[in-house]
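Colleague: Please take one part of this model and go through it closely. Start with the whole chain if that helps.

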Amino acid sequence: RKVEEENEKKYARKDIPGPLQGSGQDMVSILQLVQNLMHGEDEEETSQSCRLQNVGEQGHMALLGHSLAAYISVLDRERLRKLTTRILSDTTLWLCRLFRYENGSAYYHEDDREGLLKICRLVIHTRYEDYTLEGFNVLYTKQPVIYISSAARTGLGQALCNQLGLPLSCMCRVPCNTMFGSQHQMDVALLDRLIKDDVESGKLPLLLVANAGTPGAGHTDKLGRLKELCEQHKMWLHVEGVNLATLALGYVSSSVLAATKCDSMTLTLGSWLGLPAVPAVTLYRHEDPSLSLAAGLTSSQPVEKLRALPLWLSLQYLGHDGIVERIKHASQLSQRLLENLKNLDFIKTSVEDELSSPVVVFKFFQEYSNRDQSSHAAQASTIQHPIISNEGHIYDTFNQWLGEQLAQLVPASGVDVVELEDEGTCVRFSPLMTSAVLGTEIQDIDQLVDCLKMKIPVLTSTLQLREEFEQEVRRTVGLLYIEDLGWPGLGVVRYNYHSDGKNDDKQEKELEKINTELLKKLNELESDLTFSLGPEFGGHKNCVYIGMVMEDLDVSELVETIAATGREIEENSRLLENMTEVVRKGIQEAQLQLQKANEERLLEEGLLRQIPVVGSVLNWFSPFQASPKGRTFNLTAGSLESTESMYVSKAQGTGSTPPPTPTSSLAKQRLPGQKAFKRSLRSSDGFSETSSISHCDDLDKLDQRPPNLCPGQEQGPLEVERAEEQKEVAQAKTDTEDIDSDKLPPACTKVEEQASPR
């Protein structure tokens, strides 16, 4: 037993985690640990993560609901049943009245896709009467089909098939309109044809998932026509989307109002009202409660009904006016942004209804570019993806950068970047999903528009100068233009290293060394440009990435500076390599010469002087005079020289003057305070400056002309000789006056007096 107890103790000490060892920890320590995990132990981490969701009193009510649910669950069974029934019925009634969904039931769930999953199971139980007994055999004889719009959430169809145990062939994606109507709405005519084809092939059309506000652009499908089509084929219509929030307002558009006639809808009240940790709600109409229980939409467990408690508390706290005010405020924010975007050039918007659109999608698009002006002459007012593929990639990259910049500069706006099938990369503003959480106000929208106005000139200038930069780089010897359509900036350039028969590894290292040093030199210049190594992942190696630029950039000066700086670095590198090789060979030669000199010295001294005792006595009687023979290495000449002259003159010779270090002649004359790569003057200013300079030159020429010569008369030999003699006399007189000590300043006189004795 003692051995077993010792083994148990060893096992307990070894395998049980540290926080669980011993008799437990006090509550203060545990709460302190939670606080450190939430906010970070370091001050830097705390400052970076301090911008959490603004949890107001309504948020505290929702959080309080989770704590109360835990306390209520310990009540006796009968009282718990009555309380949960009251909470569930009240919340369901309130939501059905608020969102105009009469005679509906509610299912509360954490994952917003779980409600649609339960609805699919309910429809399967309804359409397949023997499904409870025979299971998948019934589905095998008549395969069910679920129709989803191509503009739906990514991965929704695959998630439904995985959870229901159905093959992916049961999921049918319905394309959107291509000719008429919104390009984000489901094509009703094509859907009708797909349903008829499935019926003819022996399949069973089961359910249609429509959108009242697509995840990308916020457009609403034609719900009225879809409902008629579903009734015709006995299908279930489920609707989801952010525009369902507008059902709580006094005025609702007819397209969204048609959602009240659907069979089920999913509401995400947490993001709409800014309520943390509240469940999503799926409202549905069905007459058979047994099938709802079999599908999991209802539960006999009282604890499951307590999911509605946070909403029950929050809805009472906000009231009808508070709920409507939050949704109306989000609609006003989107309308304010849309009105400002209409007045901006190079900004294209994609909205379903300009009068009331909860979601605003916009992008930067230069309609009349210099490269292909004719191809964009017939662009419509809505967003259209560019025809040229490269141009489309460039616009996607620029809009990705624009969205990231706006989100960083105005975080309270909640803008993000979205990828749309036809428009490409766009910036999306969906206040119904973010404004209540972030506390977005009108001032934030105005600030967002101001930042957008600042970024548009940068985008247009960079887009216009990209082609000029590419041409300049391709014309410049020693530079290689790297085409990277995913880089938001002027372009990518690499300095080509001229290898002299080196292997690939050494050449790659030398190329990396030169381009890294080139990047360092460019960043040391006083300019407004940003030079970097590119993105962390997916970028080209050994390149210099140039960021966004302004219209006053001098592209030729920039390219010339890059090329000259690269040549300077390469020449310095080669000079160092050559010097290293010369020094190594010089050291070897010096060692051989010194060894030879030692041998000669031994022969001159004789054999007796090498014997320890005899040599000392002999050296005392007859000292041997030998001049020290050393070697010095001349770095300038690259040769070995004797040190005898150094010992004679007691000074080291300077030798020839070393060659100057190669420097780049890239320093352009700039005005005081002007940064590098800037055009100093406009074209008109440059013309006036050129005219003034040429005019001054003409005046100087006239002043140098002899007084007795007319402007149109040429000088003969005598006149030229006489003018040169007069010029020499005047110059000698000027030099004599300058040397006169009486006319020198005191400081100069003092310097001459101090220097005269020397």
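Modeller: Contact here means heavy atoms within 4.5 Å. By that criterion, 67% of the contacts in the protein with a separation of 6 or more join residues 24 or more positions apart. The model is predicted: local features need pLDDT of at least 70, side-chain atom pairs need 80 or more, and totals for chains, interfaces and linings use all residues. Numbering runs from 1 along each chain as its sequence is written, and side-chain values use heavy atoms, without hydrogens or water.

The protein has 26 helices and 17 strands. These are DSSP runs, numbered from the N terminus: helices are H or I with at least four residues, strands E with at least two. Of the 758 residues, 40% count as buried, that is, under 20% relative accessible area with a 1.4 Å probe, protein chains only.

Now the close look, at the packing of helix H4 (residues 57-72) on helix H16 (309-342). Their axes come within 6 Å and cross at roughly 160°. Axes are lines fitted to C-alpha atoms over the stretch in contact, with angles from 0 to 180 degrees between N-to-C directions. H4 and H16 are therefore roughly antiparallel, the term for angles over 145 degrees. The crossing is left-handed: the near helix is turned anticlockwise from the far one by less than a right angle.

H4 brings Glu57, Gln58, Met61, Ala62, Leu64, Gly65, His66, Leu68, Ala69 and Ile72 to the contact. H16 answers with Leu309, Pro310, Leu313, Ser314, Tyr317, Leu318 and Arg326. By class, that makes 11 nonpolar, 4 polar and 2 charged residues. Nonpolar covers Ala, Val, Leu, Ile, Met, Phe, Trp, Tyr, Cys and Pro; charged covers Asp, Glu, Lys and Arg; the others, Gly among them, are polar.

H16 has another partner, helix H18 (residues 431-438). H18 is mostly covered, with 6 of its 8 residues buried. They are Pro431, Leu432, Thr434, Ser435, Ala436 and Val437. Besides H16, these residues pack against helix H13 (269-273) and strand S11 (424-429). Gly439 follows H18, with a positive phi near 70°.

Last, Thr460 in helix H19 (residues 442-475). At 10% relative accessibility, Thr460 counts as buried. A polar atom of the Thr460 side chain lies 2.9 Å from the backbone oxygen of Pro457. Leaving aside neighbours within four places in sequence, Thr460 is in contact with Phe346, Phe364 and Gln366.

Technical notes:
Buried means under 20% relative accessible area, exposed over 50%, partly exposed in between (1.4 Å probe, protein chains only). A polar contact is a pair of N or O atoms within 3.5 Å; within protein, one must be able to donate a hydrogen and the other to accept it, and residues adjacent in sequence count only if both atoms are side-chain atoms. Angles under 35 degrees count as roughly parallel, over 145 as roughly antiparallel, 65 to 115 as roughly perpendicular and the rest as oblique.
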